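Subject: Handover of a structure

Dear colleague,

Please find the structure below, followed by a summary of what was found in it. I would be grateful if you read the text with the structure open.

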Amino acid sequence: MAKNLTTREEDYSKWYNELVVKADLAENSGVRGCMVIKPYGFGIWERMQAELDKKFKETGHSNAYFPLFVPKSMFEAEEKNAEGFAKECAVVTHYRLKNDDENAGKLIVDPNAKLEEELIVRPTSEAIIWSTYKGWVQSYRDLPLLINQWANVVRWEMRTRLFLRTAEFLWQEGHTAHTTKKEAIEESERMMNVYADFVQDFMAIPVVKGLKTESERFAGAEETYCIEALMQDGKALQAGTSHFLGQNFAKAFDVKFATKEGKQEYVWGTSWGVSTRLMGALVMTHSDDKGLVLPPNLAPDQVVIVPIYRNDEQFDAVSEAANELMAALRAKGVRVKFDNRDTHKPGWKFNEYELKGVPVRIAIGPKDLENGTFEVARRDTLTKEVLSKDVIVDHVVGLMDEIQNNLFAKAIDHRTTHTTEVESYDEFKELLEAKGGFFSAHWDGTIETEEKIKKETKATIRCIPFDGDNTPGTCMVTGNPSKRRVLFAKAY
RNA sequence: CGGGGUGUAGCGUAGCCCGGUUAUCGCGCCACGUUUGGGACGUGGAGGCCGCAGGUUCGAAUCCUGCCACCCCGACCA
């Protein structure tokens with residue numbers, strides 16, 4: 001393992017790539033664009049899953065699982081959605097290999113084993129799920145249908161980066177069906193709020209809730225709700241989306257229900273998802289030049305205890321104190337690891353756990369035993385203090401909240417100082433390059449203007465914020481009337 | 001998918017232009033000893049289809065062709 005990370009200042013994107021690999025989150029695999037998520041990275045993802053899954057259950061959803069493959073004819077049933085994903089679909093055309101007669105030991109695709117109908121590897125599951133819902137829904141009594149699935153999906157991306165954009169990624173996708181438009185819209189908004197609460201409270205990442213413009217909307221949706229986060233380098237990252245699908249999929253897959261009055265009506269749908277991309281957001285929001293910084297809620301190990309000793313007697317004495325402390329902390333619900341490996345020195349371990357972002361490190365040595373103290377180091381502030389036996393447990397328990405809150409506060413502060421209200425297009429262009437971040441500006445609401453801005457500056461409208469400034473004004477580009485300010489940024 | 005770059009031990013690299021002893025160095029790894037409060041030191045050792053496949057040549061890490069993977073810049077995207 002190399003000793004130092006490239007700094008964010010030197011090369012932000014290199015820093016990110018190195019950090020993800022060196023902190024043991026993930027690595028590239030022998031398969032183009034596909035990553036291996038390593039145990040440490042997967043441990044963090046599992047914590048996200050557990051919390052989200054709990055929230056989904058609390059809001060009435062149940063998990064189910066649908067197939068990885070979607071027959072082409074089924075996939076293309078909802079035209080807009082199919083078109084939107086067409087360019088990035090992996091397609092299965094054959095079902096068998098055979099020995100290559102001209103090349104001993106090699107296999108070739110058996111030309112006689114061509115599928116009658118190609119199978120699309122799901123880039124998202126609306127098609128297969130709605131074709132299934134047709135059989136599940138007959139009456140208003142079957143509604144609402146509130147289903148979530150944890151799955152992998154494949155989108156054949158040209159340029160990939162670990163977690164941020166990979167050809168295969170893990171996510172959850174919720175798919176619901178409702179009797180009324182109002183109920184479906186409420187569901188879309190509810191799930192956007194569930195995501196926002198999760199990302200802010202659990203991941204300590206502040207987000208802006210809003211609505212996507214028509215051009216940024218999910219293909220096949222009537223409306224896309226989103227949460228947008230701002231990374232340390234001033235680029236925005238879409239952290240989650242929730243779609244109101246109207247009756248588009250119901251009509252495409254003929255999902256109708258009998259109302260109380262006995263009339264046949266199409267159901268109203270939603271879908272919503274967050275992915276392993278959140279891992280990228282986590283890294284780019286909190287981490288520093290020394291490595292990963294994890295909020296306590298997500299850290300697989302919240303506290304690590306490092307023993308310091310010169311001989312077996314000291315090790316035994318220190319271990320006893322460590323085990324005692326570990327038991328006391330665990331009793332309070334803190335996830336603690338005692339690193340009693342004799343194969344690495346304390347200094348090596350200190351660096352290792354800083355790289356891996358463990359929130360709190362406690363060192364115990366002979367001096368501490370003598371004085372009845374512990375050395376406590378915080379990963380978020382990189383500060384150390386010596387605490388007495390009597391207060392250590394309460395203090396560390398308190399640190400969990402304190403660090404979680406501090407990380408969120410720091411991220412909020414970064415976003416506040418990197419959100420700029422601009423009045424003119426010149427000012428926008430200048431500050432976009434000089435400063436980056438979010439820009440709150442007036443826009444005339446047309447696709448043409450949005451396109452022009454995107455072409456000229458690479459910035460896009462991240463969202464029309466819900467809690468933004470709703471006072472009318474004039475578009476910074478055309479001078480035409482604008483109903484409200486929208487949020488611009490360069491995005492991942 | 002277009003342009004550019006890279007690929008040599010687990011990691012980082014020298015050598016490649018200008019083909020020719022046993023492929024360089026550092027980290028890591030293994031053994032033993034001394035060490036242990038911020039990435040220890042000494043001694044000894046192991047580890048290489050020079051990305052893969054062809055070709056040119058008496059001879060290829062080095063030259064040529066194709067392929068694969070990764071990185072950067074575009075187009076596309078969560």
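Helix α2 is followed by Gly60, whose phi is positive, near 90°. Helices here are DSSP runs of H or I with at least four residues, strands are DSSP runs of E with at least two, and both are numbered from the N terminus. The model is a predicted one, in which local features need pLDDT of at least 70 and side-chain atom pairs count only at pLDDT 80 or more, while totals for chains, interfaces and linings use all residues. Residues are numbered from 1 along each chain as its sequence is written, chains are lettered from A and ligands numbered from 1 in the order in which they are written, and side-chain values use heavy atoms, with hydrogens and water left out.

Helix α2 itself covers residues 39-58, and its 20 residues should span 28 Å at 1.5 Å a residue; the expected span is 1.5 Å times one less than the number of residues. The C-alpha atoms at its ends are 28 Å apart, which agrees. Among the buried residues of α2 are Tyr40, Trp45, Met48 and Phe56. Buried means under 20% relative accessible area, exposed means over 50%, and partly exposed lies in between, with a 1.4 Å probe and protein chains only.

Helix α4 (residues 79-86) buries Asn81, Ala82 and Phe85. These residues are on the same side of α4 because they cover an arc of only 100° around the axis, the arc being that of the directions from the helix axis to the C-beta atoms. Glu79, Lys80 and Glu83 are exposed on the face turned away from that buried side.

Some loops also deserve attention. Between α5 (126-136) and β9 (145-154) lies Pro144, which a cis peptide bond with omega of about -5° joins to Leu143. Ala204, in the loop between α6 (181-202) and β11 (208-211), has a positive phi near 60° although it is a residue other than glycine. Lys458, in the loop between α14 (447-457) and β24 (460-465), is not a glycine either, and its phi is positive at about 70°. Are these two residues buried or exposed? Ala204 counts as buried because its relative accessibility is 0%, whereas Lys458 is exposed, with a relative accessible area of 63%.

The next topic is RNA strand B. It is surrounded by 41 residues, the closest being Arg165, Gln238, Arg277, Arg310 and Asp368; a residue is near a strand if one of its heavy atoms lies within 4 Å of it. By class, this surface has 11 nonpolar, 12 polar and 18 charged residues. Here Ala, Val, Leu, Ile, Met, Phe, Trp, Tyr, Cys and Pro count as nonpolar, Asp, Glu, Lys and Arg as charged, and the others, Gly among them, as polar. Of the RNA atoms within 4 Å of the protein, 43% belong to sugar or phosphate and the rest to bases.

Polar contacts are pairs of N or O atoms within 3.5 Å. One pairs a phosphate oxygen of the RNA with a polar backbone atom of Gly33 at 2.9 Å. A polar side-chain atom of Trp348 lies 3.1 Å from a base nitrogen of RNA strand B. The elements giving two or more residues to the surface near the strand are α1 (12-22), α10 (346-356), β19 (360-364) and α11 (366-371). Helix α10 gives the most, with seven residues.

Yours sincerely

Conventions
Polar contact = N/O pair within 3.5 Å; in protein donor to acceptor, adjacent residues only side chain to side chain.
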